[in-house]
Each structure stands twice: as structure tokens, then as C-alpha cells.
Amino acid sequence: MSIAVPVIPYPVNLLQDEKKLYQFLCACQETSTGNGNSPIISVTQKIKPLDPLRVLKAIAASYPFHFYWESRRKDEAILSYGVATSLTLNATDRFTKAQQFIERVKRRITKVGESLNATPLLLCYFTFFDSTDSYSKVFPSANVVLPQFQIIKKQNEYFLNINILIQPEQNLFPILETIVQHQDFLQMLDKSHNLEYEKSNIVNPVNYKIYPSANFKDSVTSALKSIELNQFSKIVLAHALDVISRESFQVVDCLKNLRQRHPDCYIFSVSNNYGCSFIGASPERLISIENNQLETDALAGSAPRGKTPAEDTILAQKLLRSEKERREHQAVSEFITQQLLNLGLFPHQSPLKLLKLSNIQHLWTPIYAQLNSSIHPLEIISKLHPTPAVAGVPTHVACEQIRQYESFNRLLYAAPIGWVDFQGNSEFIVGIRSALIQNNHARLYAGAGIVAGSDPEKELAEIQLKFQALLKALL
Ligand SMILES: C=C(O[C@H]1C=CC=C(C(=O)O)[C@@H]1O)C(=O)O
């Protein structure tokens, strides 16, 4: 849904002109009434090319909250840090509440400068289960953030977006100082380094211990019995691997590794006030909306990559021909298509193809639909999450069983992470191939779809392959 946000075509150099900026802030403050409805000024300007990961490295210690997102395929990256305003909640109607919050924020925003129509982006991340299923203080079940600072890379263009909440009676000088200091900081970064972030020469944490959680194969065997008894037809069982290192993990270095190793995935990181960062390299797009065109992926059914092109082709052909893998995949494409139909849309499926990643390949069906502008991205998310690529069929039975089998809280694993703008554009991924990092502790997650005909041994091999994606980036 797109509500027009007022745009003031203020001088493009507003951020460079302290006096004009101060006058502008004062003018905005005069309109501020408080009552939780203070105006928000959103200033965007073009900046020189700068690797957002380098900025993340520089700000990470000062800003507990950051959100990093990168798609090499689209040549896009977003780094957000600091909080202008946010919503965190634990509620069953979390997607609706998040949507309402976004609409309220939108009404309070005045945009300055016109260099990027899409800004500001609101960041949204949800836990896998809603609050009635599992409650966590670390990551509440819904989180929406309008960040204070945002660096956005769109192909060859780079933008800085600053969002300022103006309270009545507030002293505006500290705000002004923060903005000015930030400009200086970006300029200093610009002069002092290469364009791309280079990893620090920190010695890899070689001393580590791995503590796998409960026995995965036993869970698969037990789930297969329930499938035989027709209690459900598919379940996605996950496994957690705790890695304890002697040194703290370097989140930005891990992201750099993920970027290099998984160029076809979305690289992401979300941090919180508890010093936790949820990072990953996900191949799975939940939704992407651009100019009312919706794209979503059915991604399920896996095989390793071959060591030689010939072996790779054999594995790919085997995957494409496997009745069991296709059934596992079809559960996802059918679910997505049905949910989109339920929303009154007319989805169109591409023919089945393969998504070849550096260490694994998947069956992949892109699905498209034309949207009308009255449908909000979060309404679509609420209908799609969790797809049978991460839960099972039927959804509610599979989710109940997941809670029985898995001894850990999924938190953000396999959950929707993404952004929406104020023009109805949006992109969300599914937080798989991921790890939760806190100092020297990393919890890695990986899951596999179980259907009739699954082999516990092979499913274990599959999740071990998936763990490798993160393990190699961490160690
Ligand atoms: C649940 C995960 O992967 C899903 C996505 C692609 C292929 C999958 C599979 O073949 O089982 C899973 O459905 C995971 O990586 O943790």
C-alpha cells in the first residue's frame, strides 16, 4: 500500500550547510506537538562510493543495533544503524500490528531531498514462531525499525539517509552535532581506506569446541513414522550446532567471508542490544516487490555440488528426476500458489529449475504475481510464513511437531527478514543458512525437509553440508 509522503525539495547540500540545516530543524520543531506523533525528518543525499561493510566495521562498537543486507546478484546493499523509532512486540497479530506501525510512521515523515525515492527503508524482522509459541526477550516476535542512519548502495549509486525525530522543546544542537559528526566520519572513512572492506588480520579463532544439539537422525526416523501414520505429509526438522571459540567472533569478517563464498545468496546481519548478531547467507527469497510486481521463490529439494562439472551434471539430473525431491518441492510451490490465490492474486509459476549455490543445489520455482496497490507486503508475508520449505504440511501440525522435536528456540532462524519502503516496494528473505553470534559463542542452524521416502542418513548429510556454509565463514 503506498501513501504519498510529503517531499520537500530542499537544497541538495542541506547536510553540508549547518546553518540551513539548523533553521530547517527549527522550522520542523515548530510543527511538533509531541504525543508520540512527533514529526520525523528523513534526509537523503548521494554520497561517494563506500563499502557499507567498512562502515559497519567502524560503527559496530558504537551502535548496538545494526541491520546489514546485501544482494550481489542485484548489486544492492543496505546498512542501517541507530534507531529513530521502532516497534518491538510479542503478539499473535504481529504482522498486522507491524503494518499499522509502518503506516503511522509514514504519516509522520517529511522527506527532504529527492535523490532516492525509496528512502527511508523500514527494517522488519520476525521470529519463526509467534509469541504464543515461544517467547524471547532477545528477539521479540516482531521488530520494525526506522533507523537513524542508512547507507544504501544501488548498483553504482550510493546514498546516505538520516532520519531525525523532532520532539517539541528538544534541544536541537545535539541532533545537529550528531549529523555533522557523522558527515565528518564518513568523509574520513572515504579518505582513509580502499573502497571495499578488507578483513582485519585477526587470527582465526582456531580453538573452538562444537556442541551439537539432540540426535537429528532419531528425530527424522520418528517423524517418518508419523508421516506413515498420516499425521502430516512433510516436516522441516532443524538442528543447531553450538560453536564455542576462545576468541570473540568478528561479525564483519564473517560477513565478508560469506560475501565471498556465497555470491548468489543474500548476506545479512541483524544485531540487538544484547550483543547478539544473527547473520547468514540465505538463498531463499520470501518476497520481492518492485513496482507492484511480486516475485517469490519455492525453494526445496537439495543435492550437493559435484567436484567436477561431469559429476555436478549427474547430481543435478538426479535431483531433477527424483520423485521424492520433487514431492518435497511441490509441497512448497503448491502452498505458495494457494496462499497467493487466497489473497485474490493470480500467481504464475516459472518452469522448475535449479538454483546452483557454491556448496549445494536446490530445486527452484520462481513464482510471480501482479499486485494491486492496496495490498501491503506484510499482509503477503503473514500468509506465506512459514512456507513448507521451513515448516511442513499441514502448517500448524508441522509447527506443533517442530516444537516437540527441536530442543532449541528457532528465534530468527527460517523467519522473515527484510525491508519495506513507502512506495510499496519490499524485499524479504527467509533467514536460513544462518547463525546467532554472541561474543565467542555461535549457534548455527540448518534444516531439511522430511517426506515419505526420506533417508535419515542422507538428511543428516544434507544438514551437515548446509552447516558448512556458515562454519567455513566463522572459523
Ligand atoms: C530449511 C532449510 O532449507 C530449506 C530450503 C531449501 C531446501 C531445503 C531442503 O531441501 O530441505 C529446505 O526446505 C535450511 O537450509 O535450513
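In which sense do strands S14 and S17 pair, and over how many bridges? They pair in the antiparallel sense, over 10 bridges. This is a predicted model. The protein chain has 11 helices and 22 strands. It is divided into domain 1, residues 7-192, and domain 2, residues 209-474.

**The chain as a whole**

- Of the 475 residues in the protein chain, 45% are buried.
- Take the contacts between residues at least 6 apart in sequence: 77% of them join residues at least 24 apart.
- UniProt lists residues 214-466 as "domain: Chorismate-utilising enzyme C-terminal", in an unreviewed entry.
- That span, 214-466, is 34% helix and 35% strand. Its end C-alpha atoms lie 17 Å apart.

**Strand S14 and its partners**

- Strand S14 covers residues 293-304. S14 is mostly covered, with nine of its 12 residues buried.
- One partner is strand S13, residues 285-290. Three bridges join S13 to S14, and the two run antiparallel.
- Glu 290 stands opposite Gln 293 in S14.
- S13 and S14 form a hairpin with two residues between the strands. In this hairpin, Asn 291 takes a positive phi near 50°.
- S17 is another partner of S14, through the 10 bridges of the opening question. Here Glu 295 has Tyr 368 in S17 as its bridge partner.
- In a regular strand, side chains alternate between the two faces of the sheet.

- Strand S17 spans residues 360-370, and strand S16 spans residues 353-356.
- S16 and S17 run antiparallel and are joined by four bridges.
- Lys 353 has Trp 364 in S17 as its bridge partner.
- Three residues lie between S16 and S17 in their hairpin.

**Around the ligand**

- How many residues surround the ligand? There are 18, and the closest are Ala 300, Ser 302, Ile 432, Gly 447 and Gly 449.
- By class, the shell has 10 nonpolar, five polar and three charged residues.

**Where the two domains meet**

- The centres of domain 1 and domain 2, taken over C-alpha atoms, are 28 Å apart.
- In domain 1, 36 residues are in contact with 40 residues of domain 2.
- Helix H2 (52-59), strand S3 (66-71), helix H3 (94-108) and strand S6 (122-126) each supply at least two residues to the side of domain 1 that touches domain 2.
- S3 gives the largest share of that side, with six residues.
- The side of domain 1 that touches domain 2 has 23 nonpolar, seven polar and six charged residues.

**A closer look at Tyr 125**

- Tyr 125 lies in strand S6.
- Why does Tyr 125 count as buried? The reason is its count of 24 C-beta neighbours inside 10 Å. The cut-off for a buried residue is 20 or more.
- Leaving out residues up to four places away in sequence, Tyr 125 touches Asn 143, Val 270, Leu 412 and Ile 417.
- Tyr 125 and Glu 295 are 170 residues apart along the chain. Their C-alpha atoms are separated by 19 Å.

Terms used. Residues are numbered from 1 along each chain as its sequence is written. This is a predicted model: local features need pLDDT of at least 70, side-chain atom pairs count only at pLDDT 80 or more; totals for chains, interfaces and linings use all residues. A residue is near a molecule or strand if its C-beta atom, placed from the backbone, lies within 6 Å of it. Ala, Val, Leu, Ile, Met, Phe, Trp, Tyr, Cys and Pro count as nonpolar, Asp, Glu, Lys and Arg as charged, and the others, Gly among them, as polar. Two residues are in contact if their C-beta atoms, placed from the backbone, lie within 7 Å. Two strands pair if DSSP finds at least two bridges between them. Domain bounds come from an automatic or database domain assignment. UniProt positions are given in the numbering used here, feature names are shortened, and annotations may be inferred rather than shown by experiment.
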